Amino acid sequence: MRNTDSETRPGRGAGPGVSSGLDRVREVAVREKDARFTALLHHITLERLWKVFTELKRDAAPGADGLTWWQYEQDLRANLEDLHGRVQLGKYRAKPVRRVLIPKPDGRMRPLGVASLEDKIVQRAVVEVLNAVFEADFLGFSYGFRPGRGPHRALDALTAGIQGTKVSWVLDADIRDFFGSLDRSWLEKFLRHRIADERVLRLIGKWMAAGVIEDGKLSEMEQGTPQGAPVSPLLANVYLHHVLDLWAVWWRNHEARGDVIIVRFADDFVAGFQYQDDAERFLAALRERFAKFSLELHPGKTRLIEFGRFAIPRRKARGAGKPETFSFLGFTHICAINKRGQFWVRRITDRKRLTAKLAKLKAGLLRRRHDPVPDQGIWLASVINGHMNYYAVPGNGKAVRAFREQAVRYWYTSLRRRSQKTRLTWERMGRLARRWIPRPVTKHPFPEQRFAARYS
């Protein structure tokens, strides 16, 4: 946590590799928080490139060069040996990313960058190496795109924090265009706190300066990093580790009067406060802090709301109605009282996410309506299971059942469109649904139980 305040030691190599070639790097990174690593590129081995290639999605959309996984695999050894040689000799050149627009749950479009195949391979390999260094530095409340720290761990931590402390105010924050606003000069300084291997830093610089191709036109990007590139989540975590995480810990220890919690998943974060004046001072200071590093909180999406175990009685006493809700990682969080009269944070599927998921499912069924019914059933079952694996948390049973029921209705409509002389009735549809569509079942324990088990 002292990286930004302490002087860095003279550079040192990563040391000889052991089982994975990175164990020595991890050991030094954990033991010496101010050590800088001068020799990391040799960990980008041919074996690592091969492993990364096999983990890529076979049918992923190609980048600007149009090269697919299957084409590259035709002469894989020669291709990877050539790529490895270019990386090690400094002859590797990054290609521009292809920009595509992806619909967001609120109806707007999100720009994503599709990297070329070789850029994906090298970026993923570099991320594996850099994770060995930066995982020793990242703080416990940072969850996004880190090994073994998925969204449900972040959701557990947030719920356990609100229920287990005196939090009464929640800051629901949104960073405006984070990936497009990230300041590259500051990012380089943050990377240099730990990385002194100029060859690795040049690789990162090449990716960030490669530009973007949209509608056949190449445009330069002076700021930010393409959202969707494999290296971007790690760079985002490094940036926000220094800009937000370390500062938030300092602020909590030196400025707050009461309890403060924070949970961050990539560029999405929520903070909770015991006292309203702490929350307001934190928000004002955060705006100034972000401005220094070219970031800005979205004025229309950043809210400070009364939320927590005391919100219901206090608002009732004032005649202010029910506490407001907030959304985080696909769930709307609600102040609720259980059957025993105890406060708990109830989480239900975010309405925008639910609407978008159903629209995607409906379109998928229409594309498959002439496929054999068993094939459709297998596909639909996988979609329902995937939905339940994420959203089937305690307290969200009604929304999960509604998703399944609507999916069955869409399937019924899709099957009836196969023929004008269809004999499909709701009775037969019910039998199909019972055979192919899994019944709703809660997939997750209560968050405070799982959080306590992991962090006793």
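**Close-up views of a predicted model**

**Figure 1. Gly-364 is found in helix α13.** The model shown here and in the following views is predicted. Gly-364 has a relative accessibility of 0% and therefore counts as buried, since the term applies to residues under 20% relative accessible area. Twelve residues separate Gly-364 from Gln-376 in sequence, and their C-alpha atoms are 9.7 Å apart in space.

**Figure 2. Helix α13 crosses helix α14 at roughly 170 degrees.** Helix α13 comprises residues 351-367 and helix α14 comprises residues 373-391, and their axes come within 11 Å. This angle makes α13 roughly antiparallel to α14, because angles over 145 degrees fall in that class. The two helices form a right-handed crossing. On the α13 side, the residues in contact are Arg-353, Leu-354, Lys-357, Leu-361, Gly-364 and Leu-365. Their partners in α14 are Trp-379, Leu-380, Val-383, His-387 and Tyr-391.

**Figure 3. Phe-53 and Trp-69 form a stacked aromatic pair.** The structure contains 23 aromatic pairs. In the pair shown here, the ring centres of Phe-53 and Trp-69 are 4.6 Å apart and the ring planes lie at 5 degrees, so the pair is classed as stacked. The class requires planes under 30 degrees apart. Phe-53 belongs to helix α2 (residues 46-55), whereas Trp-69 belongs to helix α3 (residues 69-73), so the pair ties together parts that are 16 residues apart in sequence. Both Phe-53 and Trp-69 are buried.

**Figure 4. Tyr-412 and Trp-426 form a stacked aromatic pair.** The centres of the two rings are 4.1 Å apart, with 25 degrees between their planes. Tyr-412 is located in helix α15 (residues 397-416) and Trp-426 in helix α16 (residues 426-436), so the pair ties together parts that are 14 residues apart in sequence. Tyr-412 has a relative accessible area of 13% and is buried. Trp-426, by contrast, is partly exposed, with a relative accessible area of 47%.

**Figure 5. Helices α15 and α16 pack at an angle of about 125 degrees.** Their axes are 11 Å apart, and the two helices are oblique to each other. The crossing of α15 past α16 is right-handed. In α15, the contact involves Arg-404, Val-408, Arg-409, Trp-411, Tyr-412 and Leu-415. In α16, it involves Trp-426, Met-429, Leu-432, Ala-433 and Trp-436. Tyr-412 and Trp-426, the stacked pair of the previous view, are among these contact residues.

**Figure 6. Helix α6 and helix α17 cross at roughly 105 degrees.** Helix α17 spans residues 447-454, and its axis comes within 8 Å of the axis of α6. The angle makes α6 roughly perpendicular to α17, because that class covers 65 to 115 degrees. From α6, the contact includes His-152, Arg-153, Asp-156, Ala-157, Thr-159, Ala-160 and Gln-163. From α17, it includes Pro-447, Glu-448, Arg-450, Phe-451 and Arg-454.

**Figure 7. Six aromatic residues form one cluster.** The members of the cluster are Phe-178, Phe-179, Trp-186, Phe-190, Tyr-239 and Phe-293. One of them, Trp-186, has Lys-189 over the face of its ring, at 4.4 Å from the ring centre.

**Figure 8. The charged end of Arg-257 sits over the ring of Tyr-275.** The distance from this charged end to the ring centre is 4.2 Å.

**Figure 9. Phe-145 and Asp-177 have positive phi values.** Most residues other than glycine have a negative phi. Phe-145 is placed in the loop between α5 (117-134) and α6 (151-164). It is exposed, with a relative accessible area of 53%. Asp-177, which is likewise not a glycine, has a phi of about 45 degrees. Asp-177 is placed in the loop between β5 (169-174) and α7 (178-181).

**Figure 10. Val-25 is a buried residue in helix α1.** Helix α1 spans residues 23-31. The relative accessible area of Val-25 is 1%. Glu-288 is 263 residues away from Val-25 along the chain, and a separation of 36 Å lies between their C-alpha atoms.

Terms used:
Residues are numbered from 1 along each chain as its sequence is written. This is a predicted model: local features need pLDDT of at least 70, side-chain atom pairs count only at pLDDT 80 or more; totals for chains, interfaces and linings use all residues. Side-chain values use heavy atoms; hydrogens and water are left out. Rings of Phe, Tyr and Trp (its six-membered ring) pair if their centres lie within 6.5 Å; planes under 30 degrees apart count as stacked, over 60 as edge-to-face and the rest as tilted. Helices (H or I, at least four residues) and strands (E, at least two) are DSSP runs, numbered from the N terminus. Buried means under 20% relative accessible area, exposed over 50%, partly exposed in between (1.4 Å probe, protein chains only). A charge sits over a ring if NZ of Lys or CZ of Arg is within 6 Å of the ring centre and within 35 degrees of the ring normal. Axes are lines fitted to C-alpha atoms, for helices over the stretch in contact, and angles run from 0 to 180 degrees between N-to-C directions. Angles under 35 degrees count as roughly parallel, over 145 as roughly antiparallel, 65 to 115 as roughly perpendicular and the rest as oblique. A crossing is left-handed if the near helix is turned anticlockwise from the far one by less than a right angle, and right-handed if clockwise. Contact means heavy atoms within 4.5 Å.
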